[in-house]
Amino acid sequence: MRTAKTDHRERMVRAEILWPILMFLQKRYGFNSDLFLSARGLDMRTLQGKETQVNARYLSELYEEATRFTGDPNLSFKLGEWANPHSLGVFGYLLLHSHDINEALQKLCRYYPLIGRSLKPLLDETQNRYKLSFMFSHAGELIALGKYQSEIHLSAALSLINKIASEKITPEYATFRHSQPDDLSEYRRVFGNKLYFDETENALIFSKEALAIKTLYENPSLLQMFEKEAETYLGMEISGGFKEEISGLILICAGELDFSLETVALKAKMHPRLLQKRLKVEGSSHTQLLKEVRKKLSARYLREKIDISTVAVYLGYSEPSAFIRAFKQWYGMTPGEWTASQSGQSR
């Protein structure tokens with residue numbers, strides 16, 4: 001599908017798309033995020049609003065200002081290659097445990113809303129090839145990415161692919177909507193030698209043989225488990241309120257074995273104190289939601305015949321004995337007794 005070029009300077013995008021870029025620049029280079037935002041009437045708290053939107057041109061302005069600040073004309077590629085499946089929670093584990101790269105990209109497209117709803121990845125099959133592209137999703141309309149965004153997101157996708165693949169994968173060719181830059185060395189390093197500019201879409205084209213390459217960490221059992229968590233979270237995002245959203249984030253944290261308030265708040269893009277305050281308004285707390293999520297997950301893990309010591313680790317307990325005490329409070333019996341009772345019911 002070819003898309004006509006459009007001037008997007010006055011289009012709006014979700015503020016969430018600025019957050020990870022600012023965090024990367026601030027941590028890696030000491031970029032002053034507050035100064036950049038204040039010049040545009042924004043602050044970090046504003047970006048935390050779930051439905052907050054900002055002018056799309058702020059993205060280009062951020063890349064240009066950050067490039068001047070760092071003196072690195074290839075900054076967008078570094079940001080893209082920073083992507084790591086191990087730091088993406090349940091979303092990353094879905095990619096890691098897929099059967100092959102084709103399945104991993106199918107999961108990437110299905111579950112991308114777990115890490116952001118502004119972008120929509122698309123995987124299309126064309127004869128003996130697959131095409132991976134990214135578009136902005138706004139008000140039901142798909143909008144093409146600009147130069148910097150395409151460099152970041154295409155390089156990020158390729159970086160994720162090669163961090164889970166059993167052998168190196170290079171696209172057959174890559175297409176870009178912007179004009180050809182003077183220096184192609186970084187493009188060739190990242191995407192290979194076949195590059196086309198002034199095209200109608202930003203895309204990576206792969207052979208079917210390339211996407212049939214197995215992943216390094218294929219695990220059907222873990223894939224099924226994390227896919228259930230992902231579906232649960234997506235359902236909460238669609239139908240639930242703030243409390244349900246935070247429960248979903250705690251579920252994602254289960255994949256990282258880190259249930260701390262600070263980690264959950266980071267994923268919610270808000271200060272821990274603000275998160276606790278909003279939960280209190282809804283009559284809940286991080287501790288209460290964590291207890292509910294652990295209770296639900298413990299039963300699921302035991303049904304899947306995962307041993308007690310492993311379940312304790314999955315749920316963030318330092319010792320199996322601590323998990324057993326908590327389980328007995330929840331269900332009035334030990335995990336072993338509960339498992340035996342379930343076996344009896346299934347006969």
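Student: What is Phe191 in contact with, leaving aside neighbours within four places in sequence?

Tutor: Phe191 is in contact (heavy atoms within 4.5 Å) with Phe77, Glu151, Leu154, Ser155, Leu158, Thr170, Pro171, Ala174, Phe176 and Leu204. Bear in mind that this is a predicted model: local features need pLDDT of at least 70, side-chain atom pairs count only at pLDDT 80 or more, and totals for chains, interfaces and linings use all residues. Residues are numbered from 1 along each chain as its sequence is written, and side-chain values use heavy atoms, with hydrogens and water left out.

Student: OK, new topic. Which residues of α4 are buried?

Tutor: Tyr58, Leu59, Leu62, Tyr63 and Ala66. Buried means under 20% relative accessible area, exposed over 50%, partly exposed in between (1.4 Å probe, protein chains only). Helices here are DSSP runs of H or I, at least four residues, numbered from the N terminus.

Student: And where do they sit around the axis of α4?

Tutor: They fall within an arc of 140°, so they line one face of the helix. That arc is taken from the directions from the helix axis to the C-beta atoms.

Student: What comes just after α4?

Tutor: Gly71, with a positive phi of about 70°.

Student: Switching to Phe31: buried or exposed?

Tutor: Phe31 is buried, at a relative accessible area of 5%. Phe69, in contrast, is partly exposed, at 45%.

Methods
Helices (H or I, at least four residues) and strands (E, at least two) are DSSP runs, numbered from the N terminus.
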